[in-house]
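Trainee: I am new to this structure and would like to learn how to read it. Where do we start?

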Amino acid sequence: MKVQITSHTAKRALLYVLLIAAAIFYLLPVYILIVTSLKSYAEVNLATMWSPPSGFHLDSFRQAWLGDPSKGTQGLSSNFYNSLKLAIPATIFSALLGSLNGYVLSKWRFRGSNALFTAILFGMFIPYQSILIPLVQTLQTVSRTTRPWINDLLAWKAPELLSWLPGLVATYIPSYGTIGGLVLVHVIYGIPITTLIFRNYYAGIPDELVEASKIDGASFGGIYRYILFPISMPAFVVVLIWQFTSVWNEFLFATVITNKADVQPITVALNNLAGSFIVEWNVQMAGALLAALPTLLVYILLGRYFMRGLLAGSLKG
Amino acid sequence: MRRRLDSDRLTAILFITPSIIAILIFVYGFIGWTGWASLLKWNDIAMIAKGKLFPNVPFTGMENYVRLLTTDQRFQIDLRNTLVFTLTFIVGCLGLGMLLAILLDQKVKGEAIFRGIYLFPMAVSFIVTGVVWRWLLNPGNSSTGPVGVNLLLEKLGLGFLQSAWYTNPKVGFIQPDSAIGGFLHSIGLDFLTTAQFGIPFAILSVVLAATWQMSGYTMAMYLAGLRGIPEELREAARVDGANEFQVYRHIVLPMLQPITLSAVIILGHISLKIFDLVSSMTGPGPAFATDVPAYYMFDTVFRGNHFARGAAIAIILLLSVAILVVPYLISNMRSEVKQ
């Protein structure tokens, strides 16, 4: 009996040792990120890179955020704001579109709607390299029309009260090299995943509810507005988190479509920062932490919903 | 009543039409466009004709594909790299993910915290992952001494595990004069004893970073699956005298098979498309040891202006993903119709 208890205890101990070892593996990069970016310049030394910092120094963050004029390096602050300006509207439009599509494909099925849904889903798996050349060409063609509008807008002397307006509108006009162009791209290629999540969610809501409202005379819009939309919050949270994270973290579209530094999202700017030899590694680490912070915060605060989005990605969520 | 329903049905179709058109153009139309471009002799930016879909260049048929598959050294290396990356990445994520899920399934204290730690890398961009792991796996040089993980290993007394990581230009393959090499020669499989069918060591560093990022995902999938298996089933097996190992081997693991299939498809399409991580961590690497088709395509189109070659690479990439995903999508659709 005694032997059994010891072997049980030993097994539990081994279990926790393994779990903690795995946790150390996942946290190692986080440790180095935090430790490095909190060191003062005097402390940044390769031989002691694994040692904790002597105190709370923000030099590396300052340089990653604001840049270093003496070296001519740009900070990441404007790119951080670009990512916000990109991710927030792209996320909201994607969610609304996905919700409507999901509603139609679950509650207003028509002949071939399942095949249509599958055809839409395929768009989620394609390597974007296979649409990149036409995408750039199309956006450049669109630019020939919209670029003059943007230039006119920016040249317009708005009254002082409205001086922020032309810049804001110009930012969102779809074109090659604008945030608006990138928003459009993310909304379009976000259709499959957002439609999938909403369709699966609405499929779980009894058809009888919808049928009964139809008999009561509710219309297409009425059923959506008064019955489905009010109970859609969980699906909206999942989609908003999923899209925000994907758009914030996206790199390929961003690097191809935004060719100028002042419109680039943070992933592109971080990649450039890390690729430049004049930027010290502690500044690179601070930059990486800044780029990761918003999505990490979302994950820490709303992890439960994040997980649901992940599992929805495997179709039968 | 009937007319009312019909007009609503029309409204429904009207609302989904913009999305259908967008997908039709931006997914299927653009794929067709890329497919056509891959058949042209189009290797110069100056050939882009304003206001036209395609430049005025000769049609070359399959020439771009033939060139990639027969004489293009870089592409052959890329195919090998993708294969090695995909296999090791899938095996790594499935193995680690299942191990962690089973461990977490043992009524662990603080399960939510462990789960949170294993899964958080999913919330981070591949670019951040690449930047951090490039630094962690930096082998250092003669003037800096060991840095990053190598330095940590040295401090832990595990110096023998130090490696050149992603800067290692070596390719491991079966030597023709070894026993296995001799056997392969005797059955006419000589080609397997060449570097073309070897493992470039450098790419395993990228696989390590990718596994760090994605294994929590498989953990979450398996854990959800484990939680879906009724406890009575395991209890019944235990009553029949099965030990814990046998319960997993004969009851639990077979029931997780559909999850493994989903995971292979998800991980497979991610690894075939991998681009961001390679871009930020290594680029093409020593002797293209960490180059992949997705990176080659980007490089050759947006830096070299070889549009047709890039288009052909993209189509090959698309076909490889489609082989993996289309059967899955179709069976998914069929099973739903049955319900």
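Mentor: With contacts: two residues are in contact if their C-beta atoms, placed from the backbone, lie within 7 Å. Keep in mind that this is a predicted model. In chain B, 68% of the contacts with a separation of 6 or more are between residues 24 or more positions apart.

Trainee: What is the corresponding percentage in chain A for residues 24 or more positions apart?

Mentor: In chain A, such residues account for 72% of the contacts with a separation of 6 or more.

Trainee: How many helices and strands does chain A have, and how many does chain B have?

Mentor: Chain A has 13 helices and 2 strands. Chain B has 14 helices and 2 strands.

Trainee: Is chain A spread out or compact?

Mentor: One way to judge is to set the radius of gyration against a rule for globules. For chain A the radius of gyration is 25 Å, well over the 20 Å that the globule rule gives for 317 residues, so chain A is more spread out than a compact globule. Its C-alpha atoms fill a box of roughly 85 × 75 × 40 Å along the principal axes. The C-alpha trace of chain B spans about 80 × 75 × 50 Å along its principal axes.

Trainee: Which domains does chain A have?

Mentor: The domain assignment gives domain 1 (2–57) and domain 2 (73–312). The centres of these two domains, taken over C-alpha atoms, are separated by 36 Å. Their contact takes 6 residues from domain 1 and 6 residues from domain 2. On the domain 1 side, the residues are 3 nonpolar, 2 polar and 1 charged.

Trainee: Why does Pro69(A) count as exposed?

Mentor: Pro69(A) counts as exposed because it has 9 C-beta neighbours inside 10 Å. Pro69(A) sits in the loop between β1 (67–68) and β2 (73–74) of chain A. As for buried residues, they make up 45% of the 317 residues in chain A and 42% of the 339 residues in chain B.

Trainee: How many residues does each chain bring to the contact between chain A and chain B?

Mentor: The size of an interface is often given as the accessible area lost when the parts come together. Here we count residues instead: 79 residues come from chain B and 68 residues from chain A. On the chain B side, helix α1 (residues 2–37) gives the most, with 19 residues. By class, that side has 61 nonpolar, 13 polar and 5 charged residues.

Key. Residues are numbered from 1 along each chain as its sequence is written. Chains are lettered from A and ligands numbered from 1 in the order in which they are written. This is a predicted model: local features need pLDDT of at least 70, side-chain atom pairs count only at pLDDT 80 or more; totals for chains, interfaces and linings use all residues. Helices (H or I, at least four residues) and strands (E, at least two) are DSSP runs, numbered from the N terminus. Ala, Val, Leu, Ile, Met, Phe, Trp, Tyr, Cys and Pro count as nonpolar, Asp, Glu, Lys and Arg as charged, and the others, Gly among them, as polar. A residue is buried if 20 or more other C-beta atoms lie within 10 Å of its own, exposed if 12 or fewer, and partly exposed in between; C-beta atoms are placed from the backbone. Domain bounds come from an automatic or database domain assignment. The radius of gyration is taken over C-alpha atoms; the globule rule is 2.2 Å times the number of residues to the power 0.38.
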